[in-house]
Amino acid sequence: MAELNILVCVKQVPDPEGPPSAFEVDSAARKVTPKGIPPVLSPFDENALEAAIRVKEAAGGSITMLSVGNNLSKAVMLKALASGADRLVTVEDPSCDQEGLDAFATASLLAAAVRKAGPFDLILTGRQAADTNAGQVGLGLAQLLSIPAVSVAGKVEVNGGTARVETVLPDGYEVVEASLPLLVTVSHEVGDLRYPSLMAIKKAKTLPMETFKPADLGMEPGSLVINEITELTAPNRERRCRLVEGESPEDAGAKLAALLKEDKII
Amino acid sequence: MSDQDLFAYPRGRLHAADKDLAASLQAMVQKEVMDKRLELKEDYDGLLAPSLARLMAEVGLQKMFWPEKLGGEEHNEPEAAYTVAAALEQIGRADVGLAFLAAHSLALQAAVAAKGSCREELCAAVAPLFCEGNRPLIVSFVLPAMSQDGGAPEWRGKGIQVRAKSGPEGWTLSGKAVRPTCSGADAGLFGVLCAVDGEEPAFILVPGDSHGISREKEFLKTGLAASRNADLDFEGVKVPAANCAWRGEEGFLNLLSWFYLGLAAAGSGALLAVYEIIKEWGDNRVIKGRGQVFKENPLTAALMGEIAKEIAVDRLLAYNLADILSDPQAYGDDGPLAVFTSALMLVHHIYVSAEYTIHRTMELMASAGYAREWQLERYWRDLKTVQCYLGAYELAKHDFARRFYHTKTL
């Protein structure tokens with residue numbers, strides 16, 4: 001088999017570790033604005049990149065990172081590149097603002113970019129993005145490219161033209177083998193993305209980077225399906241206090257446990 | 001602007017890669033060390049050893065200066081002093097002990113492999129220990145110390161702990177109850193200043209697994225949990241002649257100057273963490289009965305202002321030392337002794353100031369100041385322990401006197 005071409009689709013999101021108080025919900029403008037939170041790569045996409053690096057270490061090949069968005073942070077992309085990718089392709093345009101694009105539009109843009117920058121043998125995405133948690137883009141992309149997909153992977157290996165994927169189940173894992181080309185959505189069980197060395201940080205700036213507009217991919221901005229948010233409100237949090245009493249501490253504990261089970265907390 | 005950037009430093013002197021490395025390290029230590037502190041406290045195996053491995057081997061701090069042909073990153077221009085400062089400041093912010101260990105490795109690399117003074121034969125002998133494989137190499141120094149051995153040869157008022165003899169097969173080292181600067185129980189490489197009969201001292205690199213090295217029981221300390229220190233015995237330890245890094249004072253002074261830069265940056269980083277802690281306290285702590293947060297009270301605000309002043313000055317001093325090492329000619333090029341004296345003065349100044357600053361912060365935070373949950377007291381313990389390894393301030397003052405008053409008998 002020729003050199004393995006791996007693609008990792010990544011999304012830039014506001015740091016999900018940021019405090020809830022830093023997200024301002026503007027009901028009138030129907031927007032959620034993060035205040036003072038730095039952009040980061042969506043954590044599951046970091047896992048996907050780590051999976052790709054491990055495949056490359058074991059089977060050789062090269063890794064291309066692909067991202068769609070508007071005002072993508074160069075620092076975020078360079079850091080990810082420095083971790084072990086070889087090339088960066090971005091689709092950037094005001095019409096590609098993540099807040100406006102729905103999952104199908106994002107998958108359509110990614111599919112068009114894959115056709116332009118590919119071909120790729122193995123496409124990895126995060127299992128879901130940290131901002132929307134929808135988990136639809138990866139599988140949508142596979143459908144649009146007419147390639148098989150395996151979802152929620154905890155481990156990915158490639159041997160010749162076949163991939164062996166361990167998918168995460170609630171009570172264990174399942175091993176799936178599939179021929180390439182293949183799309184795999186990756187879960188955190190793969191492991192954290194490694195930290196780049198100084199040499200890799202320096203080298204990242206010299207790696208090939210290409211930027212496309214939707215028009216370069218044969219897609220007109222007007223043709224993209226845009227989300228329309230009809231209503232946006234901050235959740236109304238109510239705090240209620242309920243005292244659990246019992247004839248003895250054990251009795252009170254048992255009643256508390258029953259209530260917690262009833263509310264599906266335990 | 002981040003909170004750290006409120007404290008001025010010569011950011012324009014740092015290369016983009018230095019800033020990216022510092023940002024990456026900041027994110028790493030936040031996630032790997034700072035966010036886990038209450039969970040893991042001072043758990044060496046669970047917290048500190050994996051973090052040290054990632055810093056040294058994965059991020060590659062132990063490969064930074066070595067030539068590329070030997071597996072290193074060859075980031076060895078004098079301007080790398082800024083890289084060292086930026087990196088160790090971020091690590092020190094999370095854990096002074098980790099920064100202390102990294103400072104040893106980076107100082108040795110700088111002294112042996114820096115561009116312009118690179119010792120090729122020595123690099124070829126030692127670089128594989130740092131660059132091959134993915135295991136962290138812990139470096140420790142055996143420096144002159146307050147000695148119990150009255151007959152020990154002196155170096156600047158302190159006793160040299162190990163004696164060495166040169167022979168046809170290389171060097172043979174001997175020393176009893178030798179106290180290294182760190183990690184006596186774990187170090188993979190010791191840099192040892194040795195007395196040589198009738199000759200100038202020699203600085204010799206000794207692999208930790210050399211025959212004849214025995215390690216005493218790890219001793220308890222109040223700080224620097226990342227360093228498992230123990231006394232050593234050197235009984236006829238033999239190393240090849242090529243392991244002698246240099247004879248005489250010049251190279252040793254250069255090594256110490258880079259070491260002090262690492263310690264200065266670690267201290268500055270610890271103070272940035274102190275700032276974050278007192279800022280959170282000042283923002284949220286309400287003074288009983290008045291409904292006023294701490295920082296809005298004129299008296300406490302003045303104390304918080306003084307703490308910020310000390311932190312700001314110490315950070316500038318740490319980066320000033322990086323500036324001196326990156327371009328000694330700009331400071332008059334008076335030679336390694338002048339640079340060493342400046343480095344020694346700056347690092348002592350920073351640690352005295354840091355001790356005072358954290359002390360004041362602990363007082364201000366009352367019982368939270370010494371409560372482990374607030375993390376503050378840990379920095380005090382760590383910095384105080386580094387001070388011990390830095391050497392007695394009184395003896396350092398003699399070094400200053402030698403330089404500035406040309407003393408004859410000290």
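User: How much area do chain A and chain B bury between them?

Analyst: Bear in mind that this is a predicted model. The contact draws on 12 residues of chain A and 17 residues of chain B. Carbon and sulfur atoms account for 59% of the area buried between the two chains, and that area comes to about 1400 Å².

User: And which residues of chain A lose the most area to chain B?

Analyst: Let's stay on chain A's side of the contact. Three residues there together make up 51% of what that side buries. They are A:Tyr195, A:Leu198 and A:Met199.

User: Which residue of chain B forms a salt bridge with A:Asp192?

Analyst: Between chain A and chain B the count is 2 salt bridges. In the one with A:Asp192, the closest N and O atoms are 3.5 Å apart, and the partner is B:Lys31.

User: Which helix gives the largest share of the side of chain A that touches chain B?

Analyst: Across this interface there are 5 residue pairs in polar contact. The touching side of chain A splits into 6 nonpolar, 1 polar and 5 charged residues. The largest share of that side is 4 residues, and they come from helix α5 (residues 198-204) of chain A.

User: Now chain A itself: what is the bridge partner of A:Val25 in β4(A)?

Analyst: Strand β3 (residues 23-26) and strand β4 (residues 31-34) of chain A run antiparallel, joined by 4 bridges. The hairpin has 4 residues between the strands, and A:Arg30 takes a positive phi near 55° there. As for A:Val25, its bridge partner is A:Val32.

User: On to chain B. How far apart are the C-alpha centres of domain 1 and domain 2?

Analyst: Chain B is divided into domain 1 (4-136), domain 2 (142-247) and domain 3 (250-405). In domain 1, 21 residues are in contact with 17 residues of domain 2. The C-alpha centres of these two domains of chain B lie apart by 24 Å.

User: Which element gives the largest share of the side of domain 1 of chain B that touches domain 2?

Analyst: The area buried between these two domains of chain B is about 1500 Å², with 74% from carbon and sulfur atoms. On the domain 1 side, α3 (44-58), α5 (96-113) and α6 (120-131) of chain B each give two or more residues. The largest share is 9 residues, and it comes from α5(B).

User: How many salt bridges are counted between domain 1 and domain 2 of chain B?

Analyst: The domain 1 side that touches domain 2 has 14 nonpolar, 2 polar and 5 charged residues. There are 2 residue pairs in polar contact between the domains. For salt bridges between domain 1 and domain 2 of chain B, the count is 0.

Technical notes
Residues numbered from 1 in each chain as written. Chains lettered and ligands numbered in written order. Predicted model: local features only at pLDDT ≥ 70, side-chain atom pairs only at ≥ 80, totals over all residues. Heavy atoms only, no water. Domains from an automatic or database assignment. Contact = heavy atoms within 4.5 Å. Buried area = accessible area lost by both parts, 1.4 Å probe. Salt bridge = Lys/Arg side-chain N within 4 Å of Asp/Glu carboxyl O. Polar contact = N/O pair within 3.5 Å; in protein donor to acceptor, adjacent residues only side chain to side chain. Nonpolar A, V, L, I, M, F, W, Y, C, P; charged D, E, K, R; others polar. Pairing = 2+ DSSP bridges.
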